[in-house]
Amino acid sequence: MSRTALRICPLCEATCGLTLTIEGTRVTGARGDRDDVFSQGFICPKGASFGAVDGDPDRLRTPLVRKDGELREATWEEAFDAIAAGIRPAVERYGPNVVGVVLGNPNVHTMAGALYPPVLLAGLGTRSVFTASTVDQMPKHVSSGLLFGDANAIPVPDLDHTDHLLLIGANPLESNGSLCTAPDFPGKLKALKARGGTLTVIDPRRTRTAKLADRHLAIRPGADALLLAAMTYTLFEEDLVDTRELTPHLQGLHELRDAVRDFTPEAVADACDVDAATIRTLARELAAAPTAAVYARIGSCTVPHGTLASWLVDVLNILSGNLDRPGGALFPQAATDRTPRPAGPSHGFALGRWHSRVSRHPEAKGELPISALAEEIDTATEEGEPIRVVVTVAANPVLSVPDGDRLDKALGGLDFMVSVDPYLNETSRHADVVLPPPPPSQSPHHDFAFNTLAVRNQVRYTRPAVPLEPGRMAETEILARLVLAATGMHGADPSAVDDLVVGQTLGKAVKETHSPVHGRDAKELAGLLTGVSGPERRLDMMLRLGPYGDGFGVRPDGLNLEKLLAHPHGIDLGPLASRLPQPLKTRSGKVELLPQPIADDLPRLRQAMAERAEGLVLVGRRHLRSNNSWMHNVPALTGGTNRCTLHIHPEDAGSLGLVDGQPVGVKGAGGAVTAPVEITDTVRRGVVSLPHGWGHDRPGTRMNHAAQDPGVNVNQLLDGRLLDPLSGNAVLNAVPVELITKL
């Protein structure tokens, strides 16, 4: 007999509510949960394929341990014994930095990935930390840190109420949004237009989102920061700046005006391939709109001036008076955020507190550029020991990082490697131990990260829809045991990890004067926590201490786990609202409009006005039925238009004598690949496009469907040394390439 169960979808940032149909222990169907307070029944092809993702027969079901050079099935005890024996001796002999920890994109889609990696990093004490953020979003974190003092204080567009939306390098109709958690992003854009609003899209490709726009500008790739700087100049030059209620919270307005004086529309027009009159019109329309928001994503982050572009997005929202204003760009307030502290000066945000060993890349937000991982493993220097041990959690950097061939070889030379991954993929095939988490139906779900980016404040939690299969281990327990094995506490009860975090968090909270539990007994508070597991107790604690929490009884109507469980479709906490100055953590207590690292990088942007690469340049692309490299093993999510082809404009194809389907070589600074041509006018002239996350043709993997149509790894074309200097983000777009037509 079938039954239904609720589940929050973990397959992209939209976090839609699902109603699963379950036969025994197998998910046989998924539809949108119409009663979900956030998504209200919306579902995309990924969510509809939840059962296929969940039941993929290639998912690993037991740990693998390398014996005599071969990965073989093992018990959980054998796996964690091997981890303790492989990691601790290296740390004790060489120090903690010889352990590199690599966290992939799926970590932010699971409770375990949010709760336990911070404990692992703290326990190890390593500075060799690498995440997917430096091939995706680190420029936005850095610009937010410099502007607002908090790298996680990222304003999001108020999609439901804005009158004017300017999208740059974003394609939410196919990505479902990024750094902007919004179920049914397409519907919200259509609603914007239906109420008389304006949608402008700036993108070198005529994407599905661009086709919906009132105006689409096919900018030259990589010129986003120049265009935004010229718009900023125009607002100042034409006396269109109106900071409204923001004025008391701003520092550096006059210095900002001086800093952008060289970026006139006329000066940047050639580099952008957007005429000066159009640039001025964009600025005027932004200033004239009753409410407006500028929103940019991966296309503007993965370019040489990604941090400057991210900074200028918020500068434009500020100068037009639309930051922290309904209908503009606002700071969400998640239920598990820390207890709001009083507004005022704080510690600020710093870059470069340490540097990578080989190329001396500065850290950003506690991370080193993931593009530097290979050289940190395979290059000896006098600055210290190379990385000898790698722990990857839901990461496949061989496919997602520039020059995967070099990293592939480097991983093969490690002393020891652990992968937490449901698949034996291009990266985890190198591991000495592979720890497979259960499928998502067997895991609880709460969105710690994405609720801090949501376009409406809400809170939802779903328990596992299906019980753990015999022999499986919960992902939370896997990561807790990994923490213990890696930090010298192997054999302790995994609940010790949660107890440690609870004790530390409550011990700090009772000492904070702004906390609702100030002066109370931490042990007594810990005894009040509810939940059937350590992770649930931690969620209960965060809810109680958070901005909507009950404060452990101080606010009887406030949130706790028990109340959340009583609302299986979630609790609506209301629309986004103005919050300044509370989110600011700068040393001045104000929005610092021209931070020194930004000012120091502007000469590089000025130089770019005179630069114009000849020939073709490469950009990436996303697909609605894909999420980086981790869904290509599901037949329902591949095929059709979701193929690894080289998009090229008809005129460029004609000049090179190319025909549809013809294999063509693509050569970049990092290497070369061969892909079939797909001729389309959705890319502008001078631009070619390959999707990210393909290249499933390496031996030793167990992803049978992905291997049948492997595609090519676009990141092999890229030079891993080319980074945005402020954030360390890899440059994946606006990269010169050469086509080789005679193979």
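**Close-up views of a predicted model**

Threonine 15 is buried, at 1% relative accessible area (buried means under 20%, exposed over 50%, partly exposed in between, with a 1.4 Å probe and protein chains only). The model is predicted: local features need pLDDT of at least 70, side-chain atom pairs count only at pLDDT 80 or more, and totals for chains, interfaces and linings use all residues. Residues are numbered from 1 along each chain as its sequence is written, and side-chain values use heavy atoms, with hydrogens and water left out.

View 1. Helices (H or I, at least four residues) and strands (E, at least two) are DSSP runs, numbered from the N terminus. Glutamine 40 sits in the loop between strand E3 (26-32) and helix H1 (45-48). Buried or exposed? Glutamine 40 counts as exposed, at 59% relative accessibility.

**View 2. Proline 183 and its contacts.** Proline 183 lies in the loop between helix H7 (172-175) and helix H8 (185-194). The residue is buried, with a relative accessible area of 2%. Its C-alpha atom is separated by 5.1 Å from that of serine 39, although the two residues are 144 apart along the chain. Neighbours within four places in sequence aside, proline 183 is in contact with Ala14, Cys16, Phe38, Ser39, Phe42 and Lys188. Contact means heavy atoms within 4.5 Å.

**View 3. Helix H6 against helix H15.** H6 spans residues 138-148 and H15 spans residues 306-319. Their axes come within 8 Å and cross at roughly 50 degrees. That angle makes H6 oblique to H15. Axes are lines fitted to C-alpha atoms, for helices over the stretch in contact, and angles run from 0 to 180 degrees between N-to-C directions. Angles under 35 degrees count as roughly parallel, over 145 as roughly antiparallel, 65 to 115 as roughly perpendicular and the rest as oblique. From H6, Pro139, Lys140, Val142, Ser143, Ser144, Leu147 and Phe148 take part. They meet Gly306, Thr307, Ser310, Trp311, Val313 and Asp314 of H15. By class, this contact has six nonpolar, five polar and two charged residues. Ala, Val, Leu, Ile, Met, Phe, Trp, Tyr, Cys and Pro count as nonpolar, Asp, Glu, Lys and Arg as charged, and the others, Gly among them, as polar.

**View 4. Helix H5 beside helix H19.** H5 covers residues 117-124, and H19 covers residues 475-486. The axes are 9 Å apart, at an angle of about 0 degrees. H5 and H19 are therefore roughly parallel to each other. Pro117, Val119, Leu120 and Leu124 in H5 meet Leu479, Leu482, Val483 and Ala486 in H19. The contact of H5 with H19 has eight nonpolar residues, no polar and no charged ones.

View 5. How many disulfides does a search of the whole structure find? It finds zero (a disulfide is a pair of cysteine sulfur atoms within 2.5 Å). Cysteine 44 is buried, at 9% relative accessibility.

**View 6. A cis peptide bond between leucine 580 and proline 581.** Omega is about 10 degrees. Proline 581 belongs to the loop between strand E19 (571-575) and strand E20 (591-592).
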